[in-house]
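Please examine the sequence and the structure shown below before reading the report.

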Amino acid sequence: MNKDEIKIFSPATVANVSCGYDVLGFCLDTIGDEMIIRKTERKGIYITKIEGYDLPLDATKNVAGVSALAMIADAKPDFGFEIEIYKNIKPGSGIGSSSASASGSVFAINELLGRPYTKTQVTDFAMKGESLASGSEHADNLAPGIFGGFTLVKSISPLEILQLPTPKDVYATIIHPQIEIKTSDARAILPKSFPLKDAITQWANLGSFVHALHTSDYELLKRSLQDVIVEPHRSQLIPHFAEVKLAALEHGALGASISGAGPAIFALSKGIENAENVEKAMREVYSKTEIAFETYVSKINTEGIREIKSGG
């Protein structure tokens, strides 16, 4: 029998991952939103509560509502859904705040409907909500949340997501300066064209990064985490970016770059000890500034969005 209510954890995600602008992402484990979605007799989508940040309750103006509306327009259930959002991921953080909401609502509704949709179809509905936040449909944050682990968006139209292997000792460290960078602004700063030699370098890095995941080759992972396309431009928007990146690399990180549109900066390390050393080094840079910040160390979450069982 189908359930009438579900509580979920919708995790934060890191998109782009240095060499994979708009196509590569991975899922975090220690930070995310919680959502409760329940069936209701009146048809439609109703956001009844948002805690944590001041976001619109109007379903047509909230990314969770927009993706949910897209799903029920297709599914045509003879009932509706109420959504409660407990927002722990700060909007504009660069770790997939909007995508956690957009994907969480449709993941939960799909569960309550008895899973009529595949993960790829769920991602497609979530893209409708994500486009409200960023101005374009892209799935590099949505896919890792829905599929778990590392993902590659092979194509948007038709949507094709590849789930990549996660080497068991890869850990992420995140520093999130408490400033806001809008995705639309971070996109606007990018040039419309790039030199061919840079494009060749970038797709070679992306190809070797994917190979490194498949072979758990940490040295190759390290050599592949280079971004010659986006980071040189977007890093200007993030105070002390160069110092943070250098500190991370000097303290054992395999690589470091901008998480999504920023301002969060991520580093990948082999083993939790390196990841924690990187966290200390990143904190040291920002503790000398006036800017408030948060840091997180996380395993790569290979499950993605999950149901929170009662008492869990």
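The report that follows treats a sheet, the salt bridges, the cysteines, a surface patch and a loop residue.

## Basis of the report

This is a predicted model, in which local features need pLDDT of at least 70 and side-chain atom pairs count only at pLDDT 80 or more, while totals for chains, interfaces and linings use all residues. Residues are numbered from 1 along each chain as its sequence is written, and side-chain values use heavy atoms, with hydrogens and water left out.

## The sheet around strand β7

Helices (H or I, at least four residues) and strands (E, at least two) are DSSP runs that are numbered from the N terminus. Two strands are said to pair if DSSP finds at least two bridges between them. An open sheet is formed by 4 strands in the order β8-β9-β7-β10, and the pairing is antiparallel. Strands β8 (255-258) and β10 (293-299) stand at the edges; each has a single partner strand, so one side of each is left without a neighbour in the sheet. From one strand to the next, the twist averages 20 degrees. For such angles, axes are lines fitted to C-alpha atoms, for helices over the stretch in contact, and the angles run from 0 to 180 degrees between N-to-C directions.

Strand β7 (residues 170-177) is joined to strand β9 (residues 265-270) by 6 bridges, and the two run antiparallel. Within this pairing, Tyr 171 stands opposite Ser 269 in β9, and Thr 173 stands opposite Ala 267 in β9. Strand β7 is also joined to β10, by 7 bridges, and these two run antiparallel. Here His 176 stands opposite Glu 294 in β10.

How is β7 covered? A residue is called buried under 20% relative accessible area, exposed over 50%, and partly exposed in between (1.4 Å probe, protein chains only). By this scale β7 is mostly covered, as 8 of its 8 residues are buried. Val 170, Ala 172, Ile 174 and His 176 point one way from β7, whereas Tyr 171, Thr 173, Ile 175 and Pro 177 point the other way, and all are buried.

## Salt bridges

A salt bridge is a side-chain nitrogen of Lys or Arg within 4 Å of a carboxyl oxygen of Asp or Glu. A search of the whole structure finds 16 salt bridges. The table presents some of them.

| Pair | N to O distance |
|---|---|
| Arg 306 and Asp 29 | 4.0 Å |
| Lys 245 and Glu 231 | 2.8 Å |
| Glu 307 and Lys 309 | 3.4 Å |

The side chains of Arg 306 and Asp 29 meet in a salt bridge. Arg 306 lies in strand β11 (residues 306-307) and Asp 29 in strand β2 (residues 24-40), so the pair ties together parts that are 277 residues apart in sequence. Arg 306 counts as partly exposed at 27% relative accessibility, and Asp 29 counts as partly exposed at 30%.

The side chains of Lys 245 and Glu 231 also meet in a salt bridge. Because Lys 245 lies in helix α9 (residues 241-250) and Glu 231 in helix α8 (residues 231-234), this pair ties together parts that are 14 residues apart in sequence. Are Lys 245 and Glu 231 buried or exposed? Both Lys 245 and Glu 231 are buried.

In the pair of Glu 307 and Lys 309, Glu 307 counts as partly exposed at 24% relative accessibility, whereas Lys 309 counts as exposed at 55%. Elsewhere, Glu 5, Arg 38, Glu 82 and Glu 84 are linked in a network of salt bridges.

## Cysteines

A disulfide is a pair of cysteine sulfur atoms within 2.5 Å. How many disulfides does a search of the whole structure find? The search finds 0 disulfides. Cys 19 is in no disulfide, and the nearest cysteine sulfur, that of Cys 27, is 18 Å away. Cys 19 is buried, with a relative accessible area of 3%, and Cys 27 is buried, with a relative accessible area of 0%.

## A surface patch and a loop residue

Leu 196, Ile 200 and Trp 203 make a nonpolar surface patch of about 350 Å². Patches are made of residues with over 30% relative accessible area and no salt bridge; like charges are joined within 9 Å, and nonpolar side chains (Val, Leu, Ile, Met, Phe, Trp, Tyr) within 5 Å. Accessible areas come from the Shrake-Rupley method with a 1.4 Å probe, and for residues only the protein chains shown count as cover. Trp 203 is found in helix α6 (residues 196-215) and counts as exposed at 55% relative accessibility.

Tyr 117 has its place in the loop between α2 (97-112) and α3 (119-134). At 12% relative accessibility, Tyr 117 counts as buried. Tyr 117 and Met 71 are 46 residues apart in sequence and 9.4 Å apart in space, C-alpha to C-alpha.
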